[in-house]
Amino acid sequence: MSEQPFEERILDGLDSEQRSVATSLSGPLCVLAGAGTGKTRAITHRIAYGVHTGVYKPQQVLAVTFTARAAAEMRTRLRDLGAGGVQARTFHAAALRQLQYFWPQAVGGPLPALVDHKAQLIAESARRLRLSTDRAAIRDVAAEIEWAKVSMLTPDNYTAAAAGRAEPAGMDLTTVARVFTAYEDLKIDRNLIDFEDVLLTTVGILQEDEKVAATVRSQYRHFVVDEYQDVSPLQQRLLDLWLGERHELCVVGDASQTIYSFTGATSRHLLEFTKRYEGAQVVKLVRDYRSTPQVVRLANTLLAARNSEADRRAVDTFWSKPLELIAQRDAGPEPAFTECSDDDAEAAEVARRIGQLREAGVAASEIAILYRTNGQSEAYEQALASAGIGYQLRGGERFFARREVRDALLQLRAAARVQGDDDVPQQVRDVLASLGYTSAAPQNSGAVREKWESLAALVGLADEISAARGADGFTLQGFVAELEERSAAQHAPTVQGVTLASLHSAKGLEWDAVFLVGLSEGLMPISFADTQESIDEERRLLYVGITRARSHLFLSWSTARSPGGRASRKPSRFLDVLRPAGSGTQAFRQPKARQPRKAAGPALCRVCRRPLSTGSERKMGRCSECPATYEEHTFEALRTWRLEEAREKDVPAFVVFTDATLIAIAEARPQTLDELGDLAGVGSAKLERYGESVLDIIGDS
């Protein structure tokens, strides 16, 4: 019996929908892929099948995705499938490579230096304009400028286009535009470009220079875009220029996992793909190979509830009918719902349950605690440390920047020059033993354990690659090359320890056990999600969290922030349709609709009766020249409370209440929720979240 051709073996193990993706090699193709359905497997096998059947030349395929880690993972898979010549990069990496190559002929001179972080330049721009800013304000303005640039806006048209957006750092849009202008001028003066400029400049060159555009289009004939629901207008424009008039494009995405709208991403390009490309083939991947039926059912229920609510309320927002996942795994445990008395109790309960999972054989590296804001991590760090459980903070120190990892790479590089290629995993163990690696983990926690976990991750990676490629094709020199490539892409191996991560940073990852914590109103959905669109995004964010779990899923919330505190928190509204009866005693209720204010004439100062000219004056109810009438200790008590709220939710203080609104509250000293709600700057959403706390402060001061 003749051996099966390699290209046919590539298709082995694919389900019918994945096989349809892998064998559709020409024309526009849209793959709608739900969480855990094997989309990366499908598209890498598609590329490899195209290469091995001769339809694609590897050097003429460009696959783009959104993180360096995802691009590195794709390159690894393609290499294992015999398609190592294919380029798999992020949008920015692909654009930067083209910019570096074409800049001398298209523009001339050396390419400007790339700015890694905007903060210092934005701070200097603000100082030049005599604006007072803190680190949080600089971060918010940086995010706003990034949004503007990926939306293809300039300082001149930003103000009009941003009308209706929240004011970053309490700055009005005109002031933001001034900072934007100063920032751009400063970059020009110092011959610098930022990451958005990489895309903008590449777009500009491709638009203006037909020779460059023709060269790029002759180089790349086939395009694959992963996570297409997260494409920004600027990235879409770059993709259009790469394509020209051709339709050799495969896009993959899931509108239900659109969680980066605040950065300018939009799922419209995915959902309107068939309108743009008439006759485009659409394949849906809905077989979930990751999660148990219990987890899948919870995820489906969460999204289905949004559709039911929309039907009842006739909500007119951009929300697509979600894919309904079909679980392929055997049944597992039911998701657990837990209400705790306060944040510390919740963290302690999570640590206790993690201890039970580890005793049952679940590896620490297969457990994650996911939260809405980074400020929530501290309680869980302390609880895990107290329980003697190792952990790693995703978004903390980069793996390849750790001292022990850098030392290990130096030692392995030296060993690769003199040693043979017998049993590479054992050679790695022998080399790392000189740095402190042992087969058994140290029993203590702290720096010694963290160092061991880093070295153990390198050993584990060597074992993993050896198993995937076979002993004959794996050399120590090849392992060093793999580490160097991963270092450049920040594609870290798995470290032993519980992962602590925000829901946003967990996208694209999965664990055997996932703890979704802090699921109370104000955190999920976040307090500043005050439109239907932003609440929809919060729902999708929770959906992403749920679908990270393979088997064990725990959802928890607390009724108070600190031990002995007032139990004023309510469980997240999203839990209403998810949790079984009896898990927790409170339920979310929509706040009563407030009656619209009657139209009135110009706002007048309550002291001198002159018209109020600025937003701050209208919020305070008096002009800035008239003396304040509040008690200083009341105002300071409100400011202290606001700071605590902001830190807890990891948001700028002004998002809770602006200074002007705090002054108005301190001067008016409202005694009821209705009186508080009548003040400018206190809408129904903030009244629901903060009303009782504010009244308590007024009553105590």
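1. Strand β2 (residues 61-65) is joined by four bridges to strand β6 (residues 222-225), and the two run parallel. Within this pairing, Val64 has Val225 of β6 as its bridge partner. Strands are DSSP runs of E with at least two residues, helices are runs of H or I with at least four, and both are numbered from the N terminus; two strands pair if DSSP finds at least two bridges between them.

2. The model is predicted: local features need pLDDT of at least 70, side-chain atom pairs count only at pLDDT 80 or more, and totals for chains, interfaces and linings use all residues. Residues are numbered from 1 along each chain as its sequence is written, and side-chain values use heavy atoms, with hydrogens and water left out.

3. Strand β3 (residues 87-90) is also parallel to β2, again with four bridges. Here Ala63 lies opposite Ala88. The chain passes from β2 to β3 through helix α4 (residues 68-80) in a right-handed β-α-β crossover (with the strands pointing away from the viewer, the path from the first strand over the helix to the second runs clockwise).

4. Five of the five residues of β2 are buried, so the strand is largely enclosed by the rest of the structure. Buried means under 20% relative accessible area, with a 1.4 Å probe and protein chains only. Val61, Ala63 and Thr65 cover one side, and Leu62 and Val64 the other.

5. Helix α16 (residues 343-359) has buried residues that include Val350, Ala351, Ile354 and Leu357. After α16 comes Gly361, with a positive phi near 105°.

Technical notes:
Buried < 20%, exposed > 50% of the residue type's maximum accessible area, 1.4 Å probe, protein only. Expected span 1.5 Å × (residues − 1).
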